[in-house]
Amino acid sequence: MIHISRIKIENFRNFHNFEINTNRNMVIVGENKVGKSNLLFALRLILDPSLSELDRLLDIDDFWDGLEGRKVGSTIKISLDIANINSSTSTLAVLADGLIDVQTHTAKITYEFKPRDGVTPNSINDYEYIIYLGNNTANFIPRSFRRCIQMELFHALRDCERELKNSNRSPMRAFLDEVSENLTEQQKTSILSGFQQTQTALDSIQSIDNIATNINTMLETIVGTNHVSLVDLKLAPQDINKLVRSLQLLIDSGVRTISQASTGSANILFLTLKLLKLQHSIQQGDQEFTFLAIEEPEAHLHPHVQRLLFDYFYESEANLNTLLTTHSPHIASSAPLSSLIVLKEHKDGNSSSTYGYSLASSHLDENDIEDMSRYLTVTRGEILFSRGVILVEGDSEEFLIPELAKKLGYEFDKKGISICSVAGTNFAPYVKFLRSIGTPFTIITDRDPLNLPVPIGITRIDELLGLMIPAYISGVNPEATIIIAGQAQGIFTNTQTLETELINSPVLKIIICDILLEEHGDRLHVGPIINCWKLNQVPVDMPSLLRYIKEIGKGRFAKRLSNRLPTGTCPAYIISSFNYINSLT
Amino acid sequence: MANFYQKEAEELNDLGQKAAFNSAGNCAVLAGPGSGKTKTLVLKVAKILDENINEYEKVACITYSRQCCKELQQRLKNIGLSSNENLYVGTVHSFCLSQIISPLAHLVDMELPATYSIATEKQRNDCFNLAKEHIGDSAKYCSTAAMTNYRMSYLERDEVFNSSDILYANLVTNYEQFLRNNNLVDFDDLILISRKLITENEWVRDILKAKFPVIVIDEYQDLGKPLHEIVLLLVDHGIRIIAVGDVDQSIYGFTGAQPELLVNLSERSDFEKVEMKLNYRSAKNIVNLSDGFVGVKKGVSAHNQDRIATIDYHLCPNGLDEQVDEALKKALYSVTLLANRTLSDIAILYPDAKTGDIVAQKASELGLFYNRIDNNAPYRKNPLTTFIEDCASWITHDWQKEHKSIYLNEIIKTFTNLIHNYTEDVDLSILNLVKFLWTSKNILHLITTESFVSELINSHFSVLNKNHEMVDDFSEVLKMQNSLNNDGVLHNVSLYMLGDNRAKSHKLNLITYHSSKGCEYDVVIAIGLDNGVFPKLTYDFTAYQWCYPADKELQEKRRLFFVALTRAKYDVHFFKSEYFFTSKGAKKCYGQSIFLDELDKRLILQGAN
């Protein structure tokens with residue numbers, strides 16, 4: 001199906017030099033003010049038929065701020081690649097002049113806000129805009145383009161109730177008008193006579209008549225007879241079309257109007273009607289293809305409904321591409337991975353600009369995507385919104401590391417840094433994923449010697465480095481080199497495992513032994529052994545320690561430990577990891 | 001609009017016009033002279049736009065010459081279809097360039113330079129001469145016409161191309177190479193490249209079908225083999241083709257035109273064949289004489305049943321000069337025969353531009369103004385020279401009283417189209433032009449034609465002069481300027497005369513047989529009807545005598561005679577001397593033109609009936 005396959009923006013609002021590859025549907029996530037709405041507006045400059053000439057004539061404020069004094073003289077350029085334009089003959093006819101690639105049937109459309117030809121620009125008044133196809137700036141879009149391909153935006157702050165009531169803008173209008181057009185004369189007569197009857201019954205009520213009379217009298221008293229349009233109090237205008245238009249949607253078996261519905265229900269109803277209307281106008285041939293952009297669909301919807309609604313969009317077969325902007329991890333996490341677009345702000349000269357990361361062109365293979373999708377669904381997609389991520393192996397780390405950080409004075413929550421457990425040691429998909437969305441990360445992993453010639457943890461780091469450094473060759477370097485190269489990339493390791501590292505601290509050793517004793521103290525053989533460790537009578541036997549912890553449950557153990565952590569006992573490799581991620585965010 | 005064209009269509013005749021108008025699929029319309037084919041075509045286009053085209057699609061109306069294209073545009077404008085977004089009207093070359101090559105060729109490796117321009121006449125000649133020099137003596141006597149013919153006949157660059165005529169294959173290859181080295185393409189390239197793109201890429205056909213589900217081609221008999229191949233490919237791809245033409249009027253054999261291609265098309269099972277059999281133009285006796293003059297008799301009848309034309313031969317024993325003198329006298333006399341008839345209703349037809357020189361010279365001596373169309377004309381009609389004439393027309397004619405003048409907004413529109421690519425501030429240029437035209441209009445009695453045209457060129461056209469694409473057209477503007485000089489051939493032409501180009505003007509038409517195609521006149525006066533002049537004879541070295549050219553060549557000349565004969569609404573006069581001079585100046589008496597003999601035979605037959 002036809003879809004936008006690439007977006008490029010230069011010098012527009014948040015965007016200096018922005019370029020992303022995209023898929024059929026887009027779910028645009030990013031922090032507030034990063035430019036999500038501006039990205040949609042950039043698309044609308046090209047695609048939305050409802051934008052006016054004045055809207056398309058931008059202003060000096062629409063230039064990227066990093067241009068500073070060079071705004072006048074610069075050009076704002078937005079271009080879209082649209083793939084599979086041969087999906088229908090109409091889109092092919094309209095877009096063929098913009099063809100830039102034959103294999104993918106891709107056409108390019110560009111909006112440019114630029115100084116008028118031959119004029120040395122002194123102010124924004126010397127600017128004009130053009131929209132052209134392909135690479136030829138004289139190849140303006142044909143008039144039929146606006147009808148063939150459209151974009152519609154549902155604003156974040158939409159007032160569905162009002163939209164539904166406003167008869168000119170309500171999506172119901174088209175359906176109702178079609179009804180009145182197709183009424184037979186007989187039907188019209190019978191409707192009008194029935195209406196007349198009700199009206200006559202109402203007219204015969206004196207008190208209704210009084211109201212109108214009172215209003216008219218008052219009007220005349222205030223402004224005199226010359227300026228008054230006298231009023232009647234009637235059920236509806238007596239025109240058959242207007243009568244049909246006055247039909248309204250009711251809820252709860254016709255007892256209540258929509259204004260009495262919850263905002264959530266009104267929103268769903270509104271979106272549903274809009275969709276029906278889109279389908280209708282596509283069937284009528286009024287348009288061929290629609291890009292439907294919805295800002296913050298989560299605004300008024302229950303999380304569960306959010307998912308259901310947008311699952312519908314993703315799977316819809318209609319001639320429709322959906323573009324969502326969202327803060328909601330619920331929507332982000334249920335979106336197909338390839339539709340995610342993450343916007344991030346980066347330093348750019350003396351200013352900052354927004355970069356886009358999309359998974360449409362990432363190196364994730366099918367298994368990776370499955371892994372990541374599962375992870376995102378379970379964790380509700382939090383890491384999509386993170387500024388930095390600490391990747392850890394399992395539950396123990398997930399419990400202990402935040403506490404360790406807090407004790408060191410790091411406020412990761414405030415900084416937007418998440419801790420993410422990969423539940424095992426398969427870091428690879430996470431590494432690929434985070435690199436694709438441009439999020440910095442650090443990895444804390446165990447060395448796991450396991451009596452192997454090369455510890456398994458070192459092999460793990462060696463392989464990860466192969467993913468992260470283009471020229472890196474895995475399997476040839478000695479351990480020391482791997483560790484140093486790993487640290488440079490933010491991968492930190494210990495000598496054995498987290499627990500064994502912790503027990504090396506005398507203070508922690510006592511706390512750990514206490515926890516173990518609380519669980520195992522009553523056991524005939526075990527209790528005394530732990531006591532001996534605690535009293536430094538024998539060195540701690542690592543395999544036994546790990547076994548005892550396992551018997552409690554690593555997570556449970558970590559949770560208890562995290563509650564009692566003293567200050568200043570964090571293992572050095574974890575501190576390095578904190579410093580690393582802290583410096584990058 | 002719908003009502004308008006439907007109402008007009010009610011007047012179409014049952015002798016072919018209605019059938020063409022109502023045809024539902026592919027259609028080949030065989031339309032003789034004066035059959036009202038353009039009218040039918042225009043209404044047909046309106047019908048297709050109304051019934052078959054959605055808002056994303058277009059109908060392409062393609063003609064072979066700029067002149068036909070202009071005529072078609074004017075006629076479409078008359079029924080309100082001038083600015084329809086779903087209509088493309090253009091020459092075959094502009095269609096190939098704007099709809100196929102420039103949007104699509106860069107997507108495949110076509111061995112085209114990254115930027116290229118259309119070669120001017122001079123550049124084409126230069127490249128041709130370079131190619132000849134490069135090959136050496138063996139190519140010394142090669143002509144452009146023969147090379148063109150070879151190039152447009154052997155379309156695939158394969159063994160057949162290389163071996164059929166090694167010399168010409170070599171010449172074509174070198175010529176194209178010289179063009180490419182200078183980042184140039186010529187008009188034939190546009191067609192050959194388009195053909196290659198369409199033949200080799202299905203997606204190109206898909207795009208053409210999406211954009212142009214219906215293509216109407218006028219003057220189909222002028223198309224050569226490559227264009228015909230394109231048409232067949234498009235038909236097979238599902239594009240609906242409406243081809244209109246007249247086999248009998250195929251006179252461009254030297255550019256590779258093949259009249260039988262239209263016949264082939266009309267005989268295909270997926271084509272409806274429509275013959276138009278009513279002649280609205282000519283008198284009954286001319287219609288009867290001309291029907292079947294070239295090929296088979298089609299049974300054409302005349303609309304003007306009671307109009308009988310004078311068909312006269314005039315012998316001028318003193319030769320060509322006498323023919324010209326007599327022809328001019330005849331022209332002046334003919335004007336007086338019918339009230340309301342003016343000089344522009346009369347045309348003197350001659351075989352070549354050299355004869356045209358004599359006619360123009362003698363016409364000037366008689367104080368006549370003329371409209372001359374041949375290669376030696378003071379200037380050729382093209383968008384630029386026509387624009388200058390229109391400006392002259394606007395400042396000298398009262399647009400309220402006479403229906404002769406052009407409106408200022410049309411001038412501005414044309415001007416904008418001409419300059420918008422070459423100037424930075426279009427609005428300013430328009431403002432200056434309008435100021436200049438108003439000033440000139442106010443001080444009309446103070447300015448000369450030459451000063452007006454010079455100022456127009458120097459102050460308002462100068463941007464065009466610098467542009468490569470305009471070189472050919474602009475050189476005609478300079479020729480126009482020169483001929484209006486004190487010592488130029490048009491020095492006595494007033495601004496009023498220069499702009500007097502619409503119907504009923506006082507300019508006599510001087511035109512070659514070739515250029516007269518597509519025109520019509522009240523009275524046709526043709527000169528040079530002698531064997532050796534028209535048709536030219538060839539010397540047979542074995543029989544020591546002058547002979548008619550080969551059958552195919554003679555047949556083409558016969559069609560040319562047919563064209564001349566069928567231009568007339570009323571009378572036709574033929575002038576002859578019954579001898580000719582060889583290139584060495586020897587006088588040879590080979591009698592009147594063979595075509596007059598043939599006409600005689602038919603006249604006798606007609607008399608017998």
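Two residues are in contact if their C-beta atoms, placed from the backbone, lie within 7 Å. This cut-off applies wherever the tour speaks of residues touching, and the structure on display is a predicted model.

**First stop: B:I348**

Select B:I348 and display its surroundings. Leaving aside residues up to four places away in sequence, B:I348 touches B:A327, B:A331, B:V359, B:L508, B:N509, B:L510, B:I525 and B:I527. The largest nonpolar core has 293 residues, and B:V216 and B:I348 are the members that touch the most others in it. Helix 1 of chain A, residues 36-47, may then be coloured: with eight residues, this helix gives the most to the core.

**Second stop: chain B as a whole**

Chain B contains 25 helices and 20 strands. Its C-alpha trace spans about 65 × 65 × 60 Å along the principal axes. A compact globule of 609 residues would have a radius of gyration near 25 Å, and chain B agrees with this because its own value is 25 Å. Of the 609 residues in chain B, 42% are buried. Among the contacts in chain B with a separation of 6 or more, 75% are between residues 24 or more positions apart.

Select residues 449-460 of chain B. This is helix 20, which has twelve residues. From its first C-alpha to its last, helix 20 reaches 16 Å, close to the 16 Å expected at 1.5 Å a residue. Which residues of this helix are buried? They are B:T449, B:F452, B:V453, B:L456 and B:H460. Turn the view to look down the axis of helix 20 of chain B: the buried residues fall within an arc of 95°, so they line one face of the helix. An α-helix has 3.6 residues a turn, so residues three or four places apart point the same way. On the other side of helix 20, B:N458 and B:S459 are exposed.

Now show the partners of the buried residues. In chain B, they pack against helix 17 (383-396), helix 19 (426-442), helix 22 (471-483) and helix 23 (495-499).

Definitions and conventions. Residues numbered from 1 in each chain as written. Chains lettered and ligands numbered in written order. Predicted model: local features only at pLDDT ≥ 70, side-chain atom pairs only at ≥ 80, totals over all residues. Helix = DSSP H or I, 4+ residues; strand = E, 2+ residues; numbered from the N terminus. Expected span 1.5 Å × (residues − 1). Buried ≥ 20, exposed ≤ 12 C-beta atoms within 10 Å, placed from the backbone. Arc of directions from axis to C-beta. Core = buried A, V, L, I, M, F, W, Y, C linked by C-beta atoms within 7 Å. Rg over C-alpha atoms; globule rule 2.2 N^0.38 Å.
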